[in-house]
Amino acid sequence: MRVVNTEQMRQIEQRAIQQYGIPSMLLMENAAWAVVEEIRRCLVQNEGDLSGLKAVILVGKGNNGGDGLAVARHLVLQGMDVTVLLFSGPEQLKGDAALNLRLFQGTTGKLFIIEGEKQRLVARFALAQADVIVDALYGIGLRGALPSLIEEYVNEVNNVSACVVSVDIPSGVEANTGKVYRTAIRAQITVTFGLPKWGLFLGEGPNYCGRVAVDPISIPEAFLEDESISTYVLTDDTIREMLPIRHFKGHKGTHGKGVLVAGSKGMSGAAVLAGRGALRSGIGLLQIVTPQAIAEDVDASITEATVWPAQGGDSLNEESWEAIARQAEKAQALAIGPGLAQNPGFVLVLEEILRTITCPVVLDADALNILAGELSLIEVRNGRGPLILTPHPGEMARLCQCTVADVESNRLDLALTKAAEWEAVVVLKGSVTIVASPDGRAFFNPTGNPGLGTGGTGDVLTGSILAWLAQGVSPLEAACLGVYLHGKAADDLAEEYGWSGFLASEVADQLPKVRRSLELKLG
């Protein structure tokens, strides 16, 4: 599914209105019905009755407010006790929003114009009694902080127990950046229209939007599939299409050979977890090259892989190249980094890998930290074979010679810029991981949760991406498969454990179950 910025969404809507002749009022009605249906799912079971339940609608003066007024009217007709808090003079509403105000005033719903402190008690009482609160204050056009008066009411909303539903995007969240200046509505559900917006996946947006429901509101599919839009959100459907087909006569040779270069004294677990992620993602043959000092430990911990000890001390160094080169000769993919340690002697080996090994190469963890100290090595790779980099924000900051704050404030542009500059697929990890391609495409990954914030989960991801590459999946799709299924495995575990306490090894073990669930839906 494509994801858009404010300007792209406005162009889509205008084309739908002008070229297809779809009335703007119809788009607003469709948006309102989409919100009503989400409210129904939130409040009642099995298409139950909304009668007697209480709703408060917070309305601003723009089209977002018009959507909210249409929602209010429909909820009255559904039998709900509806109160509208209008943060504007009625004369400031124009066009469809003004028409929806007049239509709402013809119902039994209550309307209060919020002008200052004197309405605070009425509003506070209504919010405290509400079963659902609809946020229709500001839409995708907001830039900067909310006005101080509205901020006070937003804070009131964030302190009540009602289900909070935001219209298009939570008020206070910038649609293009996800930036929140001081405060914003914290929604349980955000119903967004046409296509999802960048700000739902960037910055602080994911912390405020809750579950995102997307409704096309009758905009023609051809406009939503506009090829000029190059940002996407990964979904079950898109991932299902990327999964390689296992043939009945397949065997370990046809399911790909991958080489994992990982581990150091005290960090054997990283090699084991990355290997487990690869095996659980279906790789046919896994070869692990690891320092001689820990080879026996790794071999004993992951019996399904073949472990090759490399010459050297407690970590891989300049003597390790021979073992790596030998195993990489017939490999379909190579991954380097988990638990590697930053031995200065490995710089020359990394250069040889990037220069001479033509199969896809994944760089993670300490391989990225070594690269950050020798950035010219990236140029060595150009034109010699596919490259995937999987940095977390700290590693990305070192690679880009900036601060973590710089990375977090500019995730999408930075990932796309560096993917093009480095001629590599960049997997910028985070609460919403971004997969950026050198050709200008970028994918937001909506799966995953804070439970992944524990040691070893990144190693599992590296192994999983290695496995998909070895099975013949393209580098971009291998990265997308890796991050989506890895996050979805964590989401399944969170259903049982919550957002803490499950292990990286359990994430790996959940991977084939997640894949199978997608394949069954396809069948």
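Me: Which residues does Thr 390 contact, leaving aside its neighbours within four places in sequence?
Reply: This is a predicted model, and in it Thr 390 is in contact with Val 362, Leu 363, Asp 364, Leu 368, Glu 395, Val 427, Lys 429, Thr 462 and Ile 465.

Me: And where does Thr 390 sit?
Reply: You'll find Thr 390 in the loop between strand E14 (387-389) and helix H16 (393-400).

Me: Is Thr 390 buried or exposed?
Reply: Thr 390 has a relative accessible area of 1%. Buried means under 20%, so Thr 390 counts as buried.

Me: Thanks! Switching to Val 233: which strand is that in?
Reply: Val 233 belongs to strand E8, which covers residues 231-233. Its relative accessible area is 6%, so Val 233 is buried too.

Me: What does Val 233 touch, not counting residues up to four places away in sequence?
Reply: Its contacts are Met 1, Val 3, Pro 196, Phe 201, Phe 444 and Pro 446. Ala 442 is 209 residues from Val 233 along the chain, yet their C-alpha atoms are separated by 8.5 Å.

Me: Now strand E4. Why is it called largely enclosed?
Reply: Because five of the five residues of E4 (residues 132-136) are buried, the rest of the structure largely encloses this strand. On one side there are Val 132, Val 134 and Ala 136, and on the other Ile 133 and Asp 135; both faces are covered.

Me: How many bridges join E1 to E4?
Reply: Five, with E1 (residues 54-59) and E4 running parallel. In that pairing, Ile 57 stands opposite Val 134 of E4.

Me: And what about E4 and E5?
Reply: Those two strands also run parallel, joined by four bridges, and E5 takes in residues 163-167. Ile 133 has Val 164 in E5 as its bridge partner.

Me: Let's zoom out. How many helices and strands are there in the chain?
Reply: The chain has 21 helices and 17 strands. Of its 523 residues, 57% count as buried.

Me: What about overall dimensions?
Reply: The C-alpha trace spans about 80 × 45 × 45 Å along its principal axes.

Me: Last one: how far apart are the mean positions of the positive and negative charges?
Reply: They are 3 Å apart, counting 43 positive and 60 negative charges. As for the accessible surface, it comes to about 21400 Å², and 49% of that belongs to carbon and sulfur atoms.

Terms used. Residues are numbered from 1 along each chain as its sequence is written. This is a predicted model: local features need pLDDT of at least 70, side-chain atom pairs count only at pLDDT 80 or more; totals for chains, interfaces and linings use all residues. Side-chain values use heavy atoms; hydrogens and water are left out. Buried means under 20% relative accessible area, exposed over 50%, partly exposed in between (1.4 Å probe, protein chains only). Contact means heavy atoms within 4.5 Å. Accessible areas come from the Shrake-Rupley method with a 1.4 Å probe; for residues, only the protein chains shown count as cover. Lys and Arg count as positive and Asp and Glu as negative; His and the chain ends are not counted. The place of a charge is taken as NZ of Lys, CZ of Arg, CG of Asp or CD of Glu. Two strands pair if DSSP finds at least two bridges between them.
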